[in-house]
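Subject: Structure handover

Hello,

Here is the structure for you to look through. Please open it first, then read the notes below.

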Amino acid sequence: MGAVMNFRLMQPLRLGAVLLFLAAPAAASGLPASPPESLGFAPDRLARIDTALQRYVDDKTLAGVTVVIARDGKVAYERSAGMADMEAARPMRADTLARFYSMTKPVTAVAVMMLVEEGKLRLTDRLADYLPEFADARVMVGDGPETEKAARPILVHHLLTHTSGLTYGGGLFARTPVGKLYDAAQVQRPDRTLAEFSRLVASLPLAVEPGTTYNYGVSTDILGRLVEVVSGQPFDRFVQQRIFEPLAMSDSSFTLPEEKVDRFAALYEKAPEGGLRPVSEALQRTRFRADAKLISGGGGMISTADDYLRFCQMLLNGGELDGKRLLSPKTIELMTTGQLARDQTASLQSFMPGYGVGLGFAVLEDLGRSQLPGSVGEYNWAGAANTYFFIDPRENLIALLVTQQYPAGTLPLREDLKALVYQALSEVRHGHPAR
């Protein structure tokens with residue numbers, strides 16, 4: 001089956017001997033569109049992104065991919081290449097439903113900070129004041145199995161910055177002593193409630209002392225449980241009512257509605273013999289079934305490029321979109337400011353040099369060390385199926401990439417996206433003038 005590219009601006013694409021004119025429906029658009037020239041982009045340079053997307057598909061690196069670029073609150077570029085489902089021959093589109101995995105984390109961080117703004121929570125609060133199961137947290141000593149009582153309590157701030165000492169199982173984490181315990185306990189089994197999940201995690205040792213170093217893990221899932229306890233609402237209901245509905249994110253949820261199954265992208269991995277193959281059925285839908293009990297604030301969100309773009313625009317606007325304010329501009333400023341010393345972020349620096357950690361985001365602190373174009377203050381996050389976004393407040397710019405290729409970290413998509421977006425700018429708001 002040949003590759004298909006959807007062109008938002010109704011530009012033709014030759015596919016073999018056939019000319020296709022495809023566009024995302026106006027109703028599905030996340031933001032209004034504007035001619036790229038009016039937003040400071042060079043159309044001929046944006047066309048380089050078309051070429052890159054098609055190359056990913058033609059080389060069988062990706063089954064399908066969508067890229068959206070917005071500036072000044074308007075879409076300058078939105079393209080989709082390839083297939084959302086190769087077996088069903090369904091083209092990738094901006095309204096294709098996809099697993100956003102860890103791009104759920106910024107949404108959960110917003111939920112937490114809404115409660116902070118309401119005076120129901122403080123960043124300096126002890127987690128155990130709300131979730132008593134964490135009162136006697138213990139830390140693994142060396143490679144274990146010995147443990148010792150944590151020298152300090154886990155704070156809400158630690159969860160938002162991944163310095164709580166909690167970790168993940170599976171993947172690279174399966175090689176670590178605590179990661180092995182997480183795997184043995186099947187920590188993220190979907191038939192547990194968030195309350196049961198929290199108690200299980202609390203029963204396992206921490207990987208490091210709270211507040212000492214960045215250690216990626218289930219911290220944000222525990223924040224989801226914290227939102228439940230503090231708000232008195234199930235986590236998914238809180239997010240639906242307080243974030244998705246005000247932002248008109250009508251295709252975002254934590255479970256897959258049956259009536260939308262035909263818009264859900266398949267999940268792919270690299271095949272040993274070359275090319276791509278669907279991942280196991282367990283990964284395809286298990287976490288997102290209607291009967292799944294574990295609502296994951298760290299990785300359970302289903303969304304679309306169009307919906308997530310609206311979430312990003314709310315952040316870039318300082319907490320407001322279309323007259324609906326979720327957070328104060330000063331809260332967004334705090335969330336997107338580095339919170340940790342450089343020596344606390346060694347594991348992040350190993351694959352994202354120049355970045356620090358905000359409250360729910362990675363934040364660019366040293367442009368030169370990053371070795372990528374951008375602006376100091378840019379913030380971003382990514383997901384396990386190679387979804388990724390970044391927001392550049394200095395350039396009033398958002399870029400979003402959605403694909404369904406598992407696992408993350410095997411392709412240089414983040415690097416490619418940043419290079420392709422910034423090279424297309426013909427007008428910059430800060431820094432050196434474009435020539």
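The protein chain has 13 helices and 19 strands. Helices (H or I, at least four residues) and strands (E, at least two) are DSSP runs, numbered from the N terminus.

This is a predicted model: local features need pLDDT of at least 70, side-chain atom pairs count only at pLDDT 80 or more, and totals for chains, interfaces and linings use all residues. Residues are numbered from 1 along each chain as its sequence is written, and side-chain values use heavy atoms, leaving out hydrogens and water.

Overall shape

The C-alpha trace spans about 65 × 45 × 40 Å along its principal axes. Of the 435 residues, 54% count as buried. Buried means under 20% relative accessible area, exposed over 50%, partly exposed in between (1.4 Å probe, protein chains only).

How do helix H2 and helix H7 cross? The axes of H2 (residues 105–117) and H7 (residues 235–244) come within 10 Å and cross at roughly 85°. Axes are lines fitted to C-alpha atoms, for helices over the stretch in contact, and angles run from 0 to 180 degrees between N-to-C directions. So H2 is roughly perpendicular to H7 (under 35 degrees is roughly parallel, over 145 roughly antiparallel, 65 to 115 roughly perpendicular, the rest oblique).

Ile243 in H7 is one of the residues that meet H2. Leaving aside neighbours within four places in sequence, Ile243 is in contact (heavy atoms within 4.5 Å) with Val107, Val110, Ala111, Met114, Phe238, Phe311 and Leu326. The largest nonpolar core has 92 residues, and Ile243 is among those with the most contacts inside it, along with Val110, Tyr308 and Phe311. Such a core is a set of buried Ala, Val, Leu, Ile, Met, Phe, Trp, Tyr and Cys residues joined through side-chain atoms within 4.5 Å.

H13 and Gly358

Helix H13 (residues 413–423) is mostly covered, with eight of its eleven residues buried. Its cover includes helix H1 (43–58) and strands E15 (355–357) and E16 (362–364). Gly358 sits in the loop between E15 and E16. Is Gly358 buried or exposed? Gly358 is buried, because its relative accessible area is 0%.

Best wishes
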